[in-house]
Amino acid sequence: MITFTIALLILIGGYVVYGKFVAKFFGSDDSRPVPAKTMADGVDYIEMPAWKAYMIQFLNIAGLGPIFGAIMGAKFGTSSYLWIVFGTIFGGAVHDYLAGMVSLRNGGESLPNMVGRFLGDGIRSVFTVFSIILMILVGCVFVSQPAQLLADLTPNSLNLTFWMIVIFLYYLAATLFPIDKIIGNLYPILGAVLMFMAIGIMAAMYVIRPELPEMWNGFGVKYEGNPIFPMMFVSIACGAVSGFHATQSPLMARCLKKESDGRKVFYGAMVSEGIVALVWAAAATAYFHTNGAEGTAAQVAMNITRKWLGPVGGVVAILGVIAAPISSGDTAMRSARLMIADSLHFTQKGISNRLAISIPLFSVTLVALYVSITKSDGFAVVWRYFAWCNQMMSVFTFWALTVYLCKNGKNCLITLIPAVFMTCVETTYVLMAPEWCGLSGAISYPIGIIVALNFLVLLLRWKHRYNMKFPQQTKFYK
């Protein structure tokens, strides 16, 4: 428990210290106008108090990732603690905060437009398609698993198909209605359930005091022959670094009352998610130590909550596990609608315009969902590609944010280092993962490092040329 406690305190301290530094470094300024005031439309641009925006952002990003991803990542040992803690503080929280704040300063623009602004129109087009595919995968993944959990908790008459239809209809309503009508009213309740779940599991650990390995007893282990790097860094995404989060930040960038709220909403929500991931990684580590690394992540979550929290607490905690993915799936589909609308310059104030985009979008998602549930390994395949797409989006976002900082005359190391690291992770994963190239580490590691260093060199060359062309430009802001 000592390693877990230290990791928890570092996460909290990271928000207090590094979060404050990043906000000051960015130059948060409450005198600047925000889109919620200048572009209010009663649908997507609506002012919200910071606590509500934080709760929505937290639920938007805290899907299956910090729970299921942390459980799968825990199979690699205590190294998962390090990635969750330092990945959150120096990677994920910086990624989410800067993506949200840059979007805010550009009228709440969606992630593809923001990436295209800094990396070029060609990247914008590719990234728009890439982002929409990820949103569809999120909508697909975050229907089937909560539906399965609900089917397990309810009478046989309420089967998997029934709950999938219910969740899918909810997604459609949440995508179409103004953000304050469904999401704004429902999320505080779901957030309370999710908070109870995480706090309950953490409290149970300190009461039960299960046997947990300490960092000094072993850094980590291979799982099923898979090395820690890069496999663990892809398995644990939403609890450390996740590109999906940057697609959600613009939703709240359109709702903030002032810029200083960004630290609480963006950086704070990511740290909160890191704490959830840390709790589940520790709980899963204790579970695997006793029961072996068997069973799906959903089964492990069910077993832990029922055993540690009792019948009532277990049901409430599982509802938290259900609320998390549902509350990410609905905003994923909403984000996809807004991305398509932004790319087509298609206003979304009228319900008919929203339907014109939502109907084809949901039709494609239904096809993907059908494939995932009818194939024997369909969900596993969809999840693996979702995880890869998720981290790939973080790579694009980190490089775009690095260009933004360079254009503002700021030190870009806070995003450049994560950009290089995640580029190496993704490249190595594609080369090594069995669903991709399946190459050996002797080949994959050197190529991954070389590719990442090449991108670093390209960035440094571009920065040198840019500074030569605009030597006095330090207030770019766009």
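**A loop residue and the helices**

Reply: His345 counts as exposed because its relative accessibility is 73%; exposed means over 50% relative accessible area, buried under 20% and partly exposed in between, with a 1.4 Å probe and protein chains only. The model is predicted, so local features need pLDDT of at least 70 and side-chain atom pairs pLDDT 80 or more, whereas totals for chains, interfaces and linings use all residues. Residues are numbered from 1 along each chain as its sequence is written, and side-chain values use heavy atoms, without hydrogens and water.

His345 sits in the loop between helix H13 (297–344) and helix H14 (351–374). Helices are DSSP runs of H or I with at least four residues, and they are numbered from the N terminus. The phi of His345 is positive, near 55°, although the residue is not a glycine. Arg209 also has a positive phi, of about 50°, without being a glycine. Arg209 belongs to the loop between helix H9 (183–208) and H10, and its 54% relative accessibility makes it count as exposed.

Helix H10 (residues 228–235) contains Pro230. The peptide bond from Phe229 to Pro230 is cis, with omega near 10°.

Within helix H13 lies Thr305, which counts as buried because its relative accessibility is 0%. A polar atom of the Thr305 side chain is 2.9 Å from the backbone oxygen of Ala301.

Helix H8 (residues 160–176) has 17 residues, which at 1.5 Å a residue should span 24 Å; its end C-alpha atoms are 25 Å apart, in agreement. The expected span is 1.5 Å times one less than the number of residues. Asn159 caps the N-terminal end of H8, with a side-chain oxygen 3.3 Å from the backbone nitrogen of Thr161. Among the buried residues of H8 are Trp163, Ile167, Phe168 and Leu176.

Finally, helix H1 (residues 2–26) packs against helix H12 (residues 261–291) at an angle of about 165°, with the axes 10 Å apart. H1 is therefore roughly antiparallel to H12; angles over 145 degrees count as roughly antiparallel, under 35 as roughly parallel, 65 to 115 as roughly perpendicular and the rest as oblique. Axes are lines fitted to C-alpha atoms over the stretch in contact, and angles run from 0 to 180 degrees between N-to-C directions. The contact of H1 with H12 involves 16 nonpolar, 4 polar and 3 charged residues. Here Ala, Val, Leu, Ile, Met, Phe, Trp, Tyr, Cys and Pro count as nonpolar, Asp, Glu, Lys and Arg as charged, and the others, Gly among them, as polar.

Technical notes
Helices (H or I, at least four residues) and strands (E, at least two) are DSSP runs, numbered from the N terminus. A polar contact is a pair of N or O atoms within 3.5 Å; within protein, one must be able to donate a hydrogen and the other to accept it, and residues adjacent in sequence count only if both atoms are side-chain atoms.
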